[in-house]
Amino acid sequence: MKRLLTLVLVCILMAGVLVVPASAESAASNVDLYITVNAEGDALVTMQVMLRLEANYENLYFPLPVNAQNITLGGSRATTSKSDAATLVDISKLSRDYVGELVLRFEYTLPEAVQITKIHEGTAQEDWALQLSIPLLSGFDYPVESLNFTITMPPGKMVERPTLTSIYRQTSIESDIPFQVAGSQIIGSTKTVMNDHEGVTL
């Protein structure tokens, strides 16, 4: 009888019925950006990030734009450091000894994210011209599975349609993150997963 049970178990293993599940990858499963640009051209940013942590991380940082100021995390002043390309927000206290979904809410300011200049001054066509430079992603260590953004601009007109730049996928970035300009708002969402360490600027 014991030999029969052993034989059955071997057959099941060989048939692949007992399969050890592959470990999932940690990622930012969703990033939502709500950005309001004031009359001085400063961008006031609220970012909500849903992290999926598949392991404990003793040291974990979330990167924000290198020129980000007045940074808060969950309403409190954030602990930050600088790299060459980003401002790193320390989230180790939240990621240490924790596995699962983690929601982060950042607020920060990007000074002079939009250049505002007067055009056709003194004529009937006088207006304000707007030119953007707003980082959307700043190189997180793990993939970003979904990115959504809404940017509300001050009165004026954009000199030309904004363009996206990317570290890894410049040739396809416009189709990977389609966006529309509707009145004073720019609204966009990703159609594909963004690579780990990806940087995207509008």
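What average pLDDT does the protein have, and what share of the residues score at least 70? The average is 85, and 81% of the residues reach at least 70. Here pLDDT is the predictor's confidence in each residue, on a scale from 0 to 100.

This is a predicted model: local features need pLDDT of at least 70, side-chain atom pairs count only at pLDDT 80 or more, and totals for chains, interfaces and linings use all residues. Residues are numbered from 1 along each chain as its sequence is written, and side-chain values use heavy atoms, with hydrogens and water left out.

**Stop 1: the whole chain**

Now colour by burial. Of the 202 residues, 38% are buried. Buried means under 20% relative accessible area, exposed means over 50%, and partly exposed lies in between (1.4 Å probe, protein chains only).

Contacts come next: heavy atoms within 4.5 Å. Among contacts between residues at least 6 apart in sequence, 67% join residues at least 24 apart.

**Stop 2: colour by confidence**

Select helix 1, residues 2-15. Among the elements, helix 1 has the lowest mean pLDDT, 49, while strand 4 (residues 69-73) has the highest, 98. Over residues 12-23 the pLDDT is below 50, and this stretch has four contacts in the model beyond near neighbours in sequence. Where pLDDT is low, the predicted coordinates should not be read in detail.

**Stop 3: Thr 87**

Select Thr 87 in strand 7 (residues 86-90). Thr 87 counts as buried because its relative accessible area is 1%. Show its polar contacts. These are pairs of N or O atoms within 3.5 Å; within protein, one must be able to donate a hydrogen and the other to accept it, and residues adjacent in sequence count only if both atoms are side-chain atoms. The Thr 87 side chain reaches the backbone oxygen of Pro 65 at 3.0 Å. It also reaches the backbone oxygen of Val 66 at 3.1 Å. Beyond four places in sequence, Thr 87 touches residues including Phe 62, Leu 64, Ile 71 and Thr 80.

**Stop 4: Ser 92**

Move to Ser 92, in helix 2 (residues 92-95). With a relative accessible area of 2%, Ser 92 is buried. Which side chain makes a polar contact with the side chain of Ser 92? That of Asp 90, at 2.7 Å. The Ser 92 side chain also reaches the backbone nitrogen of Leu 60, at 3.0 Å. Leaving aside neighbours within four places, Ser 92 is in contact with Tyr 57, Glu 58, Asn 59 and Leu 60.

**Stop 5: the rings**

Select Tyr 57, Phe 62, Phe 106, Phe 140 and Tyr 142. Ring pairs link these residues into a cluster. The whole structure has four aromatic pairs. Rings of Phe, Tyr and Trp (its six-membered ring) pair if their centres lie within 6.5 Å; planes under 30 degrees apart count as stacked, over 60 as edge-to-face and the rest as tilted. Zoom to Phe 140 and Tyr 142: the centres are 5.7 Å apart and the planes are at 65°, so this pair is edge-to-face. Phe 140 is buried, at 5% relative accessible area.

Then find Phe 179. Arg 161 lies over the face of this ring, 4.1 Å from its centre. A charge sits over a ring if NZ of Lys or CZ of Arg is within 6 Å of the ring centre and within 35 degrees of the ring normal.

**Stop 6**

Most residues other than glycine have a negative phi. Select Asn 70, in strand 4. Asn 70 is not a glycine, yet its phi is positive, about 50°. At 60% relative accessibility, Asn 70 is exposed. Next, select Glu 112, in the loop between strand 8 (100-110) and strand 9 (114-119). Glu 112 has a positive phi of about 55°. Its relative accessibility is 57%, so Glu 112 counts as exposed.

**Stop 6: Ile 167**

Finish in the loop between strand 14 (165-166) and helix 3 (173-176), at Ile 167. Is Ile 167 buried or exposed? Exposed, at 56% relative accessibility. Not counting residues up to four places away, Ile 167 touches His 197, Glu 198 and Gly 199.

Technical notes. Helices (H or I, at least four residues) and strands (E, at least two) are DSSP runs, numbered from the N terminus.
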